[in-house]
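Here are my notes on the model, as numbered points. Have it open beside you while you read.

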Amino acid sequence: MTLPSRLRSAGLAPLWRAVHDRLSSGRPVTRVRVGPLDDAQREAVADLLGMDRLPGVSFTMSLAALDGALREAVGQDTRAVVSALLGPLDDRAGRRSQAAAEREALWEWLAGHEVVAAQPALREWVSQVRRAGGAVADLRPVLEAVLRVLGRLPAEGTPLPAFADAVLHDPHVLDDGTRVSGLVLRALATLYGVEPPTGAQERRALWERAGVAADELSTVVLAAGLRPDPGTTTGQILGTCADAGQAAALTLAQLRASPGLSPAPADVWVVENPSLLAMALRRFRVDCPPIICTSGWPNSAGVLLLRRLADAGARLHYHGDLDGDGVRIAAYVIAKTGARPWRLSASDYLAALRRDPSGPAVGRVTDAPWDHALAPAMRHHQTAVTEERMADILLDDLVNPR
């Protein structure tokens with residue numbers, strides 16, 4: 001568009017800037033505030049609008065009046081003229097609305113991701129990430145990387161650079177100080193119910209708890225009643241201990257050296273507390289059914305053993321304390337190994353309370369993916385049901401599964 005030189009004069013420049021900015025808001029515009037203007041600029045505006053007196057140093061102008069003056073002068077409205085003079089108009093309101101929609105879509109995607117859905121304790125971490133904010137375009141790929149890492153944990157004692165390279169194809173992406181590393185560690189702290197790490201030693205401890213760079217010899221899982229093929233060291237240890245009515249303490253190194261655990265029993269019972277394993281051995285001795293103890297949060301040896309058994313065809317049944325930590329541990333075991341919840345329903349919890357309503361405080365309770373009625377019941381009663389209180393029922397299930 002060719003515009004007369006008088007519209008391009010320096011005297012009208014403040015007017016065009018004010019109108020361009022106002023129209024770029026993306027909202028309906030009827031009036032525009034202009035100023036402050038010097039005398040020459042006031043004269044230029046008055047001449048353009050055909051005013052019989054000079055406008056004030058700052059004044060509010062009708063957009064309709066400006067449209068009329070420009071159509072008479074050049075046959076174009078205000079939008080066309082200021083676009084030709086200063087470039088295309090923006091749509092700030094539209095951009096804000098689009099950005100808000102993109103952010104909402106990001107949080108909806110994150111909250112509904114399968115890794116978060118399987119472990120509802122991570123919803124608190126999702127809220128932390130949301131409060132921290134950030135540009136969607138930058139945050140989405142970072143969160144995708146974090147979720148890939150969380151989905152592969154616990155690792156099997158792999159050094160951190162090797163684990164990072166295997167999962168994200170970059171051996172340094174989980175180094176201290178990286179954005180991905182920080183978000184993963186905060187997610188793990190939320191999952192385990194501990195404070196976020198503040199120093200290098202705490203960060204190493206949290207990685208090791210998740211099976212990264214774990215000590216292959218001190219990472220141990222307890223098992224009893226398993227008699228796989230004795231052709232491996234693990235098979236020999238398990239069979240010898242089962243025949244003696246004892247528990248075997250298998251190291252991560254032994255499990256990693258024994259790739260198979262066939263033949264696997266049809267059912268394997270998994271408990272949270274070593275006391276349940278001890279009670280089972282006292283009751284059944286050499287006839288103890290297959291039972292594994294996670295000893296609280298399962299370490300990499302425990303998860304590896306359970307996965308090996310599941311791969312060999314065993315059905316895994318998991319039970320733990322019915323308190324806040326116990327529900328989070330159960331969700332973790334179920335998500336990582338495919339175990340089935342065992343006596344972990346709201347009806348099991350309420351039945352235990354009817355037998356004995358006393359107990360310790362339930363603690364912070366997150367939702368249980370396998371029974372949406374469990375967490376509300378626990379929050380209502382605020383009483384934990386420890387695994388030991390259900391020992392008789394659980395041990396009966398070992399020989400007479402319901």
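Contact below means heavy atoms within 4.5 Å, and helices (H or I, at least four residues) and strands (E, at least two) are DSSP runs, numbered from the N terminus. This is a predicted model: local features need pLDDT of at least 70 and side-chain atom pairs count only at pLDDT 80 or more, while totals for chains, interfaces and linings use all residues. Residues are numbered from 1 along each chain as its sequence is written, and side-chain values use heavy atoms, with hydrogens and water left out.

1. Start with helix 5 (residues 92-112) and helix 7 (residues 122-132). Their axes come within 10 Å and cross at roughly 160°; the axes are lines fitted to C-alpha atoms, for helices over the stretch in contact, and the angles run from 0 to 180 degrees between N-to-C directions. That makes helix 5 roughly antiparallel to helix 7 (over 145 degrees; under 35 is roughly parallel, 65 to 115 roughly perpendicular and the rest oblique). The crossing of helix 5 and helix 7 is right-handed, meaning that the near helix is turned clockwise from the far one by less than a right angle, with anticlockwise being left-handed.

2. Which residues of helix 5 and helix 7 meet? From helix 5 come Glu 104, Trp 107, Leu 110 and Ala 111, and they meet Trp 125, Val 126, Val 129 and Arg 130 of helix 7. By class, this contact of helix 5 with helix 7 has six nonpolar, no polar and two charged residues (Ala, Val, Leu, Ile, Met, Phe, Trp, Tyr, Cys and Pro count as nonpolar, Asp, Glu, Lys and Arg as charged, and the others, Gly among them, as polar).

3. Next, helix 8 (residues 136-152) and helix 10 (residues 179-192). They pack at an angle of about 55° with axes 9 Å apart, and are therefore oblique to each other. The crossing of helix 8 and helix 10 is right-handed. On the helix 8 side, Asp 138, Leu 139, Val 142, Leu 143, Ala 145, Val 146, Val 149 and Leu 150 meet Arg 179, Val 180, Leu 183, Val 184, Ala 187 and Leu 188 of helix 10. The contact of helix 8 with helix 10 splits into 12 nonpolar, no polar and two charged residues.

4. Have a look at Thr 294, in the loop between strand 6 (291-293) and helix 15 (300-311). Thr 294 is buried, at 7% relative accessible area (buried is under 20%, exposed over 50%, partly exposed in between; 1.4 Å probe, protein chains only). The Thr 294 side chain reaches the backbone oxygen of Gly 296 at 2.8 Å. Leaving out residues up to four places away in sequence, Thr 294 touches Val 270, Val 271, Glu 272 and Tyr 318.

5. Now the backbone. Most residues other than glycine have a negative phi, and most peptide bonds are trans. A cis peptide bond joins Gly 35 and Pro 36, with omega about 0°; Pro 36 lies in the loop between strand 1 (31-34) and helix 2 (39-49). The bond from Ser 262 to Pro 263 is cis too, with omega near -5°, and Pro 263 is in the loop between helix 13 (252-257) and strand 5 (267-271).

6. Two positive phi values deserve a check. His 169 has phi near 60° and sits in the loop between helix 9 (160-168) and helix 10. Arg 343 has phi of about 55°, in the loop between strand 8 (340-341) and helix 17 (346-355). Are they buried or exposed? His 169 is exposed, with a relative accessible area of 67%, whereas Arg 343 counts as buried at 15%.

How values were computed. Polar contact = N/O pair within 3.5 Å; in protein donor to acceptor, adjacent residues only side chain to side chain.
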